[in-house]
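Please look through the sequence and the model below before reading on. The report that comes after them is written for a reader who is new to protein structure.

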Amino acid sequence: MQGNEHQLIVLIIMTGVLLLAAMLAQLIFERIVVPPIVGFLLLGFAIRSADSTWPFLTVQAIEILAFFAQIGIITLLFRAGLESELKGLLGQLKNAMFVWAANVLVSGMLGFFSAYYLLNFGVVTSLFVGAAFTATSIGVSIEIWQKHGATATQNGQLLLDVAELDDISAVILMAVLFSLVPVLHSSPDVNVIMELSGPMAIFFAKLMVFIMVCYFFASFGEHPFIQIFRRLDPPPLAILAVIGISLIIAGFAGLLGFSVAIGAFFAGLVFSRDPDTVKMEASFLPLYQFFSPFFFIGIGLNVSPDCLDGGVLTTAAVLFLVAVGGKLVANYLPILFMKGHSAGILIGVSMIPRAEIAMIIMQGGMQLGTWAVPQKVFDAMALVTLLTCSLSPPVINILLEKWPQTVTGKGAE
C-alpha cells in the first residue's frame, strides 16, 4: 500500500472516530443538561493536549479538520440567518430596538474598556473582545425556554427578537473589524479618521453591493429557482440547491473581502423569507449536525495546552465577569421599565451565553495574526464560552420554575 493511500485511509478512520466521539459527547452532555457545544470544545482540547504529548496529527489531518471547521462555520451561520425571519423581526423592531441598542452598546463597550484598561490589551485586540461580547448564543438558552413551553410568550418572543438583532449586528461588526483592523495595524501612528475614511467608504460600498445582490435574488430569483428543483425532485434535491447557492453567496462575500461566515449568514437571510425553504430545514439538519461540531472541535484544537496557567485563568475570570455583568445590566435596565423585574433578570441571564459568533470573531482575529488576537486572549475567550454555556442553562431553568411564563408573557413578579 502506497504512503499517500495509507494516509488517506488513516484520515478516513480518524474522521469516523471523531464524528462518533462528537455524537457520544452530545448524548452525554444533553443528559446532564449541558449544551453539546461544551462537549465539542472539550473534545477538541483533549485531542490537542494528547497530540502535544504523543504527536499523531499530521499536516494533512490538520488541514482536513480545518476544512471541516470552515464548513461548520458556514452551516452554523447559514442556520442562524435562516432562523432570523427578517419580515417578522422588523414588525417587532419597535419593542426590541431599545433593548438591543443597550445590549450592543453596554456589552461591547464594557468588553472593550475592560480589555483595554483592566487587562492592558492593545486597541485592536480590545475591539475584537468588544465585538465578540455583543453576540449572544441564543440556541443555548432557548432549549430551556422550549422545555418550559415559554418561547411563544411575550417575554420569549422579545428574547428571540433581541438575540436575532444581536446576531445581525455582531456579524456586521465582524465584517467592519476584518476590513479595518489591518489598516489600524499597518498605520498606528497616523490620523485614524483620515486613514480609515477611504477603507470605510470602500467597505460600505462593497457591503451595499453585496446586500443589494442578496436582496434582488431573495425578491426575484430565490423562489422561482427553488420551485424548479421542487418540481423536478423531492425536497432533498431542493435543499442541496439551496446549499449550493448559499456556498456561492458565501464565496462571493469572501471575494469582496468579507469572511465566508458573513456570506453564509446573509445566505440564510436570503432564504428565510420563503416559508417553503424554511420547511425544508429538516433536510438540512443532517448536514448541519455533521459539520457544525467540527467548528467547536476546531476551536478546542486551537486552544493551547497551557491555557490553564495563572495568566490565562486570570484573564478568563475578568472577561467572564464582564461578559456576565454586561448582558445582565444591558438587558435588565431597559426591560425593567418595559416588563418588570422578573422579565429583566430572566432575559438578561438568557442572553449571557457566548458561543459560535463570538468565537468566529475571535478565531478570525487570531488568523489575522497575534497582533490582532494573541493566543492567550483566544484561550481566555474559549474558557469564557465554556463557562457561559455551562452555567447559564441551570440558572435559566431555576428562574423559569420560579417565574413560569404564560401565553400572555406575564411571569410571576
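## Basis of the description

This is a predicted model, in which local features need pLDDT of at least 70 and side-chain atom pairs count only at pLDDT 80 or more, while totals for chains, interfaces and linings use all residues. Residues are numbered from 1 along each chain as its sequence is written, and side-chain values use heavy atoms, with hydrogens and water left out.

## The chain as a whole

The protein chain has 17 helices and zero strands, where helices (H or I, at least four residues) and strands (E, at least two) are DSSP runs numbered from the N terminus. Of its 413 residues, 51% are buried; here buried means under 20% relative accessible area, exposed means over 50%, and partly exposed lies in between, with a 1.4 Å probe and protein chains only.

A contact is counted when heavy atoms lie within 4.5 Å. Among the contacts between residues at least 6 apart in sequence, 81% join residues at least 24 apart. The accessible surface of the chain comes to about 18700 Å², and 70% of this surface belongs to carbon and sulfur atoms; such areas come from the Shrake-Rupley method with a 1.4 Å probe, and for residues only the protein chains shown count as cover.

## The nonpolar core

A nonpolar core is a set of buried Ala, Val, Leu, Ile, Met, Phe, Trp, Tyr and Cys residues joined through side-chain atoms within 4.5 Å. The largest one here has 129 residues, and those with the most contacts inside it are Leu77, Phe128, Met174, Phe258 and Met362. Helix α8 (residues 154-186) gives the most to this core, with 15 residues.

What does Met362 contact, leaving aside its neighbours within four places in sequence? Its partners are Phe128, Val129, Ala132, Val373, Val377, Phe378 and Met381.

The structure holds one salt bridge, a term for a side-chain nitrogen of Lys or Arg within 4 Å of a carboxyl oxygen of Asp or Glu. It is formed by the side chains of Asp166 and Lys327, at 2.9 Å from N to O. Asp166 belongs to helix α8 and Lys327 to helix α14 (residues 310-339), so that distant parts of the chain, 161 residues apart, are linked by this pair. Both Asp166 and Lys327 are buried.

## Aromatic pairs

Rings of Phe, Tyr and Trp (its six-membered ring) pair if their centres lie within 6.5 Å, and planes under 30 degrees apart count as stacked, over 60 as edge-to-face and the rest as tilted. By this rule there are 20 aromatic pairs. One of them joins Phe68 and Phe290, which are edge-to-face because their ring centres are 6.1 Å apart and their planes stand at 75 degrees. This pair also links distant parts of the chain, with Phe68 in helix α3 (residues 59-82) and Phe290 in helix α13 (residues 281-302), 222 residues apart.

Phe68 counts as buried because its relative accessibility is 14%, whereas Phe290 is partly exposed, with a relative accessible area of 27%. Ring pairs join Phe67, Phe68, Phe290, Phe291 and Phe294 into a cluster.

Not counting residues up to four places away in sequence, Ser141 touches Ser350, Pro353 and Ile396.

The buried residues of α7 are Ile138, Val140, Ser141, Ile142, Ile144 and Trp145, and what covers them includes α2 (36-53), α8, α15 (341-350) and α17 (375-402). After α7 comes Gly149, whose phi is positive, near 65 degrees.

Patches are made of residues with over 30% relative accessible area and no salt bridge, where like charges are joined within 9 Å and nonpolar side chains (Val, Leu, Ile, Met, Phe, Trp, Tyr) within 5 Å. Leu105, Met109, Phe113, Tyr116, Tyr117, Val123 and Leu127 form a nonpolar patch with about 640 Å² of accessible area together. The elements that give two or more residues to this patch are α5 (93-118) and α6 (123-134), and α5 gives the most, with five residues.

Phe113 and Tyr117 both lie in helix α5, four residues apart, which is about one turn of the helix. Phe113 is partly exposed at 37% relative accessibility, and Tyr117 is exposed at 54%.
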